[in-house]
Amino acid sequence: MEALDLKWIRAQFPALTQKINGQPAIFFDGPGGTQVPGSVLDAISDYLVRSNANAHGYFATSARTDALIIAARTAIADFLGCHSDEVVFGANMTTLTFTLSRAIGRTIKPGDEIIVTRLDHSANVSSWYALAEQGAIIRVVDVKIDDCTLDISDLEQQINPRTKLVAVTYASNAVGTINDIATIVKLAHAVGALVFVDAVHYAPHGPINVHALGCDFLACSAYKFFGPHVGILYGKREYLANLQPYKVKPAPDEVPSRWETGTLNFEGLAGVVAAINYLAKLGCHVSPTIDDELVSTLIEADKEGLEHFHCPRFLTSPEQPSSTLASAYHSRRAALVAAMSAIQQYERELSHKLISGLQEIPGLTIYGITDPNRFAWRTPTVAIRLQGKSPETLAKELGDRGIFSWHGNFYALSLTEKLGVEASGGLLRLGLVHYNSVEEILQLLQALKEIEHH
């Protein structure tokens, strides 16, 4: 596998050319939402110009919208390693999680137990606490303060035959910890419990294969992996079919449409497809063994409208894909895995550079994994505090220097309370993604040293 071509990558993102107070902007705000490639902007604009109509009509723009929905489900299926009818779209992860919790709530009996964790974003906590109103008992798995990792022994003690669902984050949006999802799934399934995974923070940082993980549900948001604001839910087909979502009577009852309330954000779906195809192109760059011609042809087909797959190599229909089309989707999945694996490796290098530099600054505390030998279990999202500076003040001083970061609790309220920092402003979060550079890290470290000295 070849190294990432950072020059090519950064050229895809128009926002990275911005300047603040005469200095190039440094986007270390990725966990709150990533920047988007120009192709995503083009796809959204093109949809609104060429295809702006509701679905299921007998006219051209509506037919293009129908095709777009198919394309979007297929693109996300390639991204997550699932089937296209296991993909549900919604406003955001939080909305989709509440939608699912309400449906699961219909099956909950008094005394049934649900497990959440202190490491999670509140969207994956409050959604399940709501079921306490129906008699569910909510148990909370603790974290280890020294490295902000999940206490698996605590999970093993709390899980029992009454457990109906385990809700857990793939990676912490506050401190970057990656959880061992496969192990958690095995523990849950051993007692017959379902597993819901919040992959919002993990999605831009590494490959996902939901079937290999074995989880029953997984949610993410496209705006965290270089797309627009669209929520995404994977669910095993059997559960999407058998659980009863709250829906209006005239709405479709087939999977997965029965889970999608109201009209979808079609221009957002166009951006989702473009974001996935950007990552696929990146995968072709780093892995010469992938059939980039097939992937490129598929990307062009997405642009032209997949309603009939009228591309020279895809003369077929969505219901009966040709072997060439199937090969193209297989190639795109391979390209996505290659891209995300290369991103993961590059970001570990960024983590090493960032954390080692932060450790040299007097009065600075890092929350989370700092041992380089364990960087496989963290993303390049690093939470800090600097003695004598509140996180808000530090974020402002960095922002004045054109370095974008976040401060507060990032909705990981249980974690900041456990760490004892909530009452004093929470944390300062530095979140890197694959378009960030070592040079930007060096500028950040210099800025922090200047701030520390003053």
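## The largest cavity

In this predicted model, the largest cavity holds about 80 Å³ of space. A search of the whole structure turns up three cavities of 30 Å³ or more.

Which residues line the largest cavity? The lining includes Ile178, Tyr202 and His205, and also Gln344, Glu347, Arg348 and Ser351. Phe375, Ala376, Arg378, Thr379 and Pro380 complete the list.

## The seven-stranded sheet

Let's turn to the sheets. Seven strands make up an open sheet with mixed pairing, and their order is E4-E12-E11-E10-E9-E5-E6. At the edges are strand E4 (87-90) and strand E6 (137-141), each of which pairs on one side only. From one strand to the next, the twist averages 20 degrees.

For a closer look inside this sheet, take strand E9 (residues 163-169) and strand E10 (residues 194-198): the two run parallel and are joined by five bridges. Here Leu165 stands opposite Leu194 in E10. Helix H3 (residues 60-80) packs on the sheet, where it touches E4, strand E11 (217-221) and strand E12 (231-235). The direction of H3 makes about 115 degrees with that of E4. Helix H4 (residues 93-105) lies across E4, E9, E10, E11 and E12, and runs at about 155 degrees to E11.

## The four-stranded sheet

Another open sheet has four strands, paired antiparallel in the order E13-E14-E17-E16. Why do two of these strands have a side without a neighbour in the sheet? Strand E13 (364-367) and strand E16 (406-408) stand at the edges, each with a single partner strand, so one side of each has no neighbour there. Direction ignored, neighbouring strands of this sheet are turned by 30 degrees against each other on average.

E16 and strand E17 (residues 427-431) are paired in the antiparallel sense over three bridges, and Gly408 stands opposite Leu427 in E17. Helix H13 (residues 391-400) packs on this sheet, touching strand E14 (381-386), E16 and E17. The direction of H13 makes about 40 degrees with that of E17. Helix H15 (residues 438-453), in turn, lies across E13, E14 and E17, running at about 15 degrees to E14.

## The annotated domain

UniProt, in an unreviewed entry, lists residues 26-299 and 339-444 for "domain: Aminotransferase class V". Looking at residues 339-444 in the model, the span is 41% helix and 19% strand. The end C-alpha atoms of this span lie 26 Å apart.

## Backbone details to look up

Two spots in the backbone deserve a visit while you have the structure open. Most residues other than glycine have a negative phi, and most peptide bonds are trans.

Where does the cis peptide bond from Val255 to Pro256 have its omega? That bond has omega near 0 degrees, and Pro256 lies in the loop between helix H9 (237-242) and helix H10 (266-286). Asn21 has a positive phi of about 50 degrees although it is not a glycine. You will find Asn21 in the loop between strand E1 (19-20) and strand E2 (23-24).

Notes
Residues are numbered from 1 along each chain as its sequence is written. This is a predicted model: local features need pLDDT of at least 70, side-chain atom pairs count only at pLDDT 80 or more; totals for chains, interfaces and linings use all residues. Side-chain values use heavy atoms; hydrogens and water are left out. Two strands pair if DSSP finds at least two bridges between them. Axes are lines fitted to C-alpha atoms, for helices over the stretch in contact, and angles run from 0 to 180 degrees between N-to-C directions. Contact means heavy atoms within 4.5 Å. UniProt positions are given in the numbering used here, feature names are shortened, and annotations may be inferred rather than shown by experiment. On a 1 Å grid over the protein atoms alone, a cavity is a set of points where a 1.4 Å probe fits but cannot get out, and a pocket is an open set with protein on both sides within 12 Å along at least five of seven lines; lining residues have an atom within 4 Å of a point. Grid points are joined across faces, edges and corners, and a volume is the space filled by probe spheres set on the points.
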